[in-house]
Amino acid sequence: MKTRWYKDAVIYQIYPRSFCDGNGDGIGDIRGIISKLDYIKSLGVDAVWLSPVYKSPNDDNGYDISDYRDIMDEFGTLDDWKEMIDGMHSRGIRLIMDLVVNHTSDEHAWFVESKNKDSEYRDYYIWQKGRGKNGKKPPNNWTSNFVGPAWEYDEQSGEWYLHLFSKKQPDLNWENPKVRQEVADICNYWFDLGVDGFRCDVITYISKKDGLPNGKLKFPLIGDENYIVGPNYHKYIHELNERSFSRYDSMTVGESIGITPDNAFDAIDESVGELDTVFSFDHMGVDFKMNVIPAKFNLAKYKKILNRWQQLPKTCQPTIFLENHDQPRCLPRFSGDYGDRRELAGMALATSMFFMRATPYIYQGQEIGMTNCDFKQEDYKDIMSVNALNMIKKVCPLLLPYARKVLLKRARDHARTPMQWTAGDNAGFSTAKPWMMVNPNYKEINVEDSEKRNDSLLNFYRKALAYRKGKDVVINGDFKLVYPKSKDIFAYIREYEGKRLFVIVNFKNKQVNFKIPKDLTFDNCALALSNYADTPQTLQSMKLREYEAIVYEL
């Protein structure tokens, strides 16, 4: 029976390669995670989302899976994994695994077999004859999300296979019922080992339009209208829910490009029997033009987008996040030039997200205010960054300086620098040279230092999460924006069965005037949370200080 436990949960994402190295080889692993379980428990989170730890040749850092039922050698063994999940469960922490089933690795046994046209696995993937003389042109004009064509020619079989990401990540053919059953079996295998749910990677890509027609190319050059929330998407997910998800007290969240407030009901309402929640990315695009060009953050637009999700029926659970392994650090993305007020800015961002009707996600290091890194070109490790730089160098070298500038703001690498535990060697992440450079600011920004200070961002996170836990007004309350057009203040009211929370956040590194709304009345008021020591105990019109964040009970 599903308890919908995720409605009162906060989830912490671990990117294992960069979290903690337990065996001294410079790569984060499961033993490292085990060593930090008490720390994770101390945050007050309810679950961990673990990025992939399955067998993988690591073309895309684990998102290219060669064996769904075993653990990558670099990360440890299945016995290590079992010890880790037992340690989590004994501390009241649930485990969400990453489910990567739009594609596999090209080293997966299924794909290796599929190269033989007579193999039963041929139809596990999307193989097509090419166009033009001798079929040496790709079957259509689709492009990879990792730059370049979305098709790779295979000399052995004389045909092309589809890969919407790296050429080492061939797309599975979900039209094949055997593939769909394989996926359900994989999920049930991990559920039976104790897993509590799945984060479903690029799940809205699994259904491609019949005939695989050319896309209407636009910038960036992705024929996405032909495979995002495709014609059989809902059928496939409903079937997977029936065969697997619904049989356990599980929680699922989809990386669901294409799901918006307009169509979310059909994707996540409790009545439809599909996924429980989805990650929306529209709020992450308010600082972009044409999806790739960095722009100034627009708070009014950001609030408008989040408000649309908040107005969905209570049977549709939103999510909220500011960082993950595919996004740069949220400072200074959302708070601008924070100067020496980095932790205050982090507290403001945390307050704004923790009290909405949503399941919040915290990415490792976010709780101590880890920042983007000043990379040189040779420091980039992510396939997306490397491919983009190589393509621009080949096609238009004059654009390289601009590309480097964009990557310094938006590269996925920023989220993947090792976790900063101490001011010691390698930030306490490893006794060996880390697989990726450590951000040089680790001596000032680290867990050890944050633990010592009552007023640190880390301890504010703990206070805020402890306060929100179990509150019906947070879980079920109505949401009303206050001053929705303000470019400086994010304020909202939550109300449920006579209880109200008033959340007020100054998003700017400057003082801002705040006036109590004329239509707001209350008999009593109590200060519940603040990131300044001398915030007024009672709600009043005031001059909000830099990044001031306040929660009042009315």
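## About the model

Because the structure is predicted, local features need pLDDT of at least 70 and side-chain atom pairs count only at pLDDT 80 or more, while totals for chains, interfaces and linings use all residues. Residues are numbered from 1 along each chain as its sequence is written, and side-chain values use heavy atoms, with hydrogens and water left out.

## Backbone features worth a look

Most residues other than glycine have a negative phi, and most peptide bonds are trans. With that in mind, start at the bond between leucine 331 and proline 332: the peptide is cis, with omega about 5 degrees. Proline 332 belongs to helix α9 (residues 330-333); helices here are DSSP runs of H or I with at least four residues, strands are runs of E with at least two, and both are numbered from the N terminus.

Next come two residues with positive phi. Leucine 212, not a glycine, has a phi of about 45 degrees and sits in the loop between β9 (197-200) and α6 (233-243). Its relative accessible area is 12%, so leucine 212 is buried (buried means under 20%, exposed over 50%, partly exposed in between, with a 1.4 Å probe and protein chains only). Tyrosine 547 has a phi near 55 degrees and lies in the loop between β21 (542-544) and β22 (549-553). At 1% relative accessibility, tyrosine 547 counts as buried.

## Two helix pairs

Helix α5 (residues 177-192) and α6 have axes that come within 9 Å and cross at roughly 40 degrees. Axes are lines fitted to C-alpha atoms, for helices over the stretch in contact, and angles run from 0 to 180 degrees between N-to-C directions. The two helices are therefore oblique to each other (under 35 degrees is roughly parallel, over 145 roughly antiparallel, 65 to 115 roughly perpendicular, and the rest oblique).

For helix α10 (residues 342-354) and helix α14 (residues 457-468), the axes come within 10 Å and cross at roughly 15 degrees. That makes α10 roughly parallel to α14.

## A nonpolar patch

Val147, Met391 and Val395 make a nonpolar surface patch of about 250 Å². Patch residues have over 30% relative accessible area and no salt bridge; like charges are joined within 9 Å and nonpolar side chains (Val, Leu, Ile, Met, Phe, Trp, Tyr) within 5 Å. A salt bridge is a side-chain nitrogen of Lys or Arg within 4 Å of a carboxyl oxygen of Asp or Glu. Areas come from the Shrake-Rupley method with a 1.4 Å probe; for residues, only the protein chains shown count as cover.

Valine 395 is placed in helix α11 (residues 383-395), and at 65% relative accessibility it counts as exposed.
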